[in-house]
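Please look over the sequence and the model shown below before reading the briefing, which takes up helix packing, a salt bridge and a nonpolar core in turn.

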Amino acid sequence: MFGPFKRDPKKKLQQAYERKLQAAMEASRNGDMRANATLTEEADALLAEIEQLKKDGK
């Protein structure tokens, strides 16, 4: 499916998703709820992309 030097796009998106969630948690702990909401929304968009890739079978 993937060549020996090509990376899995789902893996890259998953890592970005986890980084966004981590940043959102840290913003929440620091009391910045606006940043928390923004980062959580961005993480949800990444999760939707991951789910779409899974659905498409790529």
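A residue counts as buried under 20% relative accessible area, as exposed over 50% and as partly exposed in between, with a 1.4 Å probe and protein chains only. By that scale I50, with a relative accessible area of 1%, is buried. This is a predicted model, in which local features need pLDDT of at least 70 and side-chain atom pairs count only at pLDDT 80 or more, while totals for chains, interfaces and linings use all residues. Residues are numbered from 1 along each chain as its sequence is written, and side-chain values use heavy atoms, with hydrogens and water left out.

**Helix packing**

- Helix α1 covers residues 9–29 and helix α2 covers residues 33–56, and the two pack at an angle of about 160° with their axes 8 Å apart; helices here are DSSP runs (H or I, at least four residues) numbered from the N terminus.
- The axes are lines fitted to C-alpha atoms, for helices over the stretch in contact, and the angles run from 0 to 180 degrees between N-to-C directions.
- α1 and α2 are therefore roughly antiparallel to each other, a term that applies to angles over 145 degrees, whereas those under 35 count as roughly parallel, 65 to 115 as roughly perpendicular and the rest as oblique.
- Sorted by class, the contact of α1 with α2 has 16 nonpolar, four polar and five charged residues, where Ala, Val, Leu, Ile, Met, Phe, Trp, Tyr, Cys and Pro count as nonpolar, Asp, Glu, Lys and Arg as charged, and the others, Gly among them, as polar.

**Salt bridge**

- The structure holds one salt bridge, defined as a side-chain nitrogen of Lys or Arg within 4 Å of a carboxyl oxygen of Asp or Glu.
- This salt bridge joins K20 with E42, and the closest N and O atoms are 2.5 Å apart.
- K20 lies in helix α1 and E42 in helix α2, so the pair ties together parts that are 22 residues apart in sequence.
- K20 counts as partly exposed at 27% relative accessibility, and E42 is also partly exposed, with a relative accessible area of 32%.

**Nonpolar core**

- The largest nonpolar core is made up of seven residues in all, namely L13, A16, Y17, A43, L46, I50 and L53; such a core is a set of buried Ala, Val, Leu, Ile, Met, Phe, Trp, Tyr and Cys residues joined through side-chain atoms within 4.5 Å.
- Both α1 and α2 give two or more residues to this core, and the largest share, four residues, comes from α2.
- L13, found in helix α1, counts as buried at 16% relative accessibility, and its C-alpha atom is separated by 8.0 Å from that of L47, 34 residues apart along the chain.

**An exposed position**

- K55 has its place in helix α2 and is exposed, with a relative accessible area of 66%.
- K55 and A24 are 31 residues apart in sequence, and their C-alpha atoms are 27 Å apart in space.
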